[in-house]
Amino acid sequence: MLLLLCFMNSAGGGLSNSLLAASELKVRWRHPAGLVTDETIADIKTKLASQDWARRVYDAKRKQVEPWLTVASATLAEVFPKRRGNVYHNFSCPQDRCRLAFDPFDAQQFKCPICQKVFTPETDAGVYPPATRYHGTMYDGWICLFHLAASEAAQDLGVLSRLEVSDGQRCAARAIELLLLYAEVLPGMPTKFGDAPQMSVLLTYHREGDSKVLNHLATAYELVRDHMTREQQRLYRKTFLFHHLRNRHPLQPIRKG
Ligand SMILES: [Zn+2]
């Protein structure tokens, strides 16, 4: 901006006049902003039209997202975690130390793919000692995996909403549904501050897990915001983007002192 103002100053008019003009300028952000922009979408279209590998990658991603598109709204709302989770390590077999079979739409019971034992969600996998920060139940671990999967699905549905000819609206609607489920649950889940900023927790176990989730959600919002009503946009910005990302959330820059 300073460079721009200097250029404007040398091109004519005083610096004070340029600053005044800049402050009076009605600046509007271009959307989608962030990691995925209109240029990204155009690039994907170009590659899909010309590259076999791109079509294979796209088809695989489309297939991966399909269950999130077809699951019933009632199922999604019911299974959506209403409380904070913990690290995904807890979602493992106490005997075989492998990941249990993960189904994002079923948290009733969990099965080990090796020994075939079935566990209730509140089973302690025994990975971490009680009273340590990562200690949790299998359900705590499932919650972590759910958020990683759901947020990625929201982002991918956002991308698909820009690319799918006949299904674009449907993809956008489901992405919005996921975003609004987060907006509904997050106000009751204030950040649990840790000793260091990177150890604060919102949804998963600390910044490492939460950052991935929140970046996906922010990208999804940018891609589908034009499909949202003004009230949905306001709700989402108020409960998620502004409240949690800007003011209270561990995505804040780490500051010492
Ligand atoms: Zn097992």
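# Helix packing and loops in a predicted chain

Student: How many residues does the largest nonpolar core have, and which have the most contacts inside it?

Tutor: The largest nonpolar core has 44 residues, and W142, A154, L157, A175, L179, L217 and A220 have the most contacts inside it. A nonpolar core here is a set of buried Ala, Val, Leu, Ile, Met, Phe, Trp, Tyr and Cys residues joined through C-beta atoms within 7 Å. Buried means 20 or more other C-beta atoms within 10 Å of the residue's own, exposed means 12 or fewer, and partly exposed is in between, with C-beta atoms placed from the backbone.

Student: Which elements give two or more residues to this core?

Tutor: They are α4, α6, α7 (168–185), α8 (207–224) and α9 (230–248). The most comes from α6, with 13 residues. Helices (H or I, at least four residues) and strands (E, at least two) are DSSP runs, numbered from the N terminus.

Student: What kind of model is this, and how are residues numbered?

Tutor: It is a predicted model, in which local features need pLDDT of at least 70 and side-chain atom pairs count only at pLDDT 80 or more, while totals for chains, interfaces and linings use all residues. Residues are numbered from 1 along each chain as its sequence is written.

Student: At what angle do α6 and α8 pack?

Tutor: The angle is about 25 degrees, and the axes are 8 Å apart. Axes are lines fitted to C-alpha atoms, for helices over the stretch in contact, and angles run from 0 to 180 degrees between N-to-C directions. The two helices, α6 and α8, are therefore roughly parallel to each other. Angles under 35 degrees count as roughly parallel, over 145 as roughly antiparallel, 65 to 115 as roughly perpendicular and the rest as oblique.

Student: Is the crossing of α6 and α8 left-handed or right-handed?

Tutor: α6 passes α8 in a left-handed crossing. That is the case where the near helix is turned anticlockwise from the far one by less than a right angle; clockwise is right-handed.

Student: Which residues meet there, and of what class are they?

Tutor: On the α6 side they include L148, A154, Q155 and R162, and on the α8 side they include K212, L217, A220 and V224. By class, the contact of α6 with α8 has 9 nonpolar, 8 polar and 3 charged residues. Ala, Val, Leu, Ile, Met, Phe, Trp, Tyr, Cys and Pro count as nonpolar, Asp, Glu, Lys and Arg as charged, and the others, Gly among them, as polar.

Student: And how do α4 and α6 pack?

Tutor: Helix α4 (residues 52–70) and helix α6 (residues 138–163) pack at about 110 degrees, with their axes 10 Å apart. α4 and α6 are therefore roughly perpendicular to each other. The crossing of α4 and α6 is left-handed. K61, R62, V65, W68 and L69 in α4 meet A153, D156, L157 and L160 in α6. That contact of α4 with α6 divides into 6 nonpolar, no polar and 3 charged residues.

Student: Change of topic, loops. Where is L100, and is L100 buried or exposed?

Tutor: L100 is in the loop between α5 (73–79) and β1 (110–111). L100 counts as buried because it has 25 C-beta neighbours inside 10 Å. Not counting residues up to four places away in sequence, L100 touches F91, S92, C93, F110, K111, C112 and M138.

Student: Which residues other than glycine have a positive phi?

Tutor: Among them are R97, with phi near 50 degrees, and A131, with phi near 75 degrees. R97 lies in the loop between α5 and β1, while A131 is in the loop between β2 (118–119) and α6. R97 counts as partly exposed, with 13 C-beta neighbours inside 10 Å; A131 is exposed, with 6 other C-beta atoms within 10 Å.

Student: Which peptide bond is cis?

Tutor: The bond from H31 to P32 is cis, with omega near 0 degrees. P32 is in the loop between α2 and α3.

Notes:
Contact = placed C-beta atoms within 7 Å.
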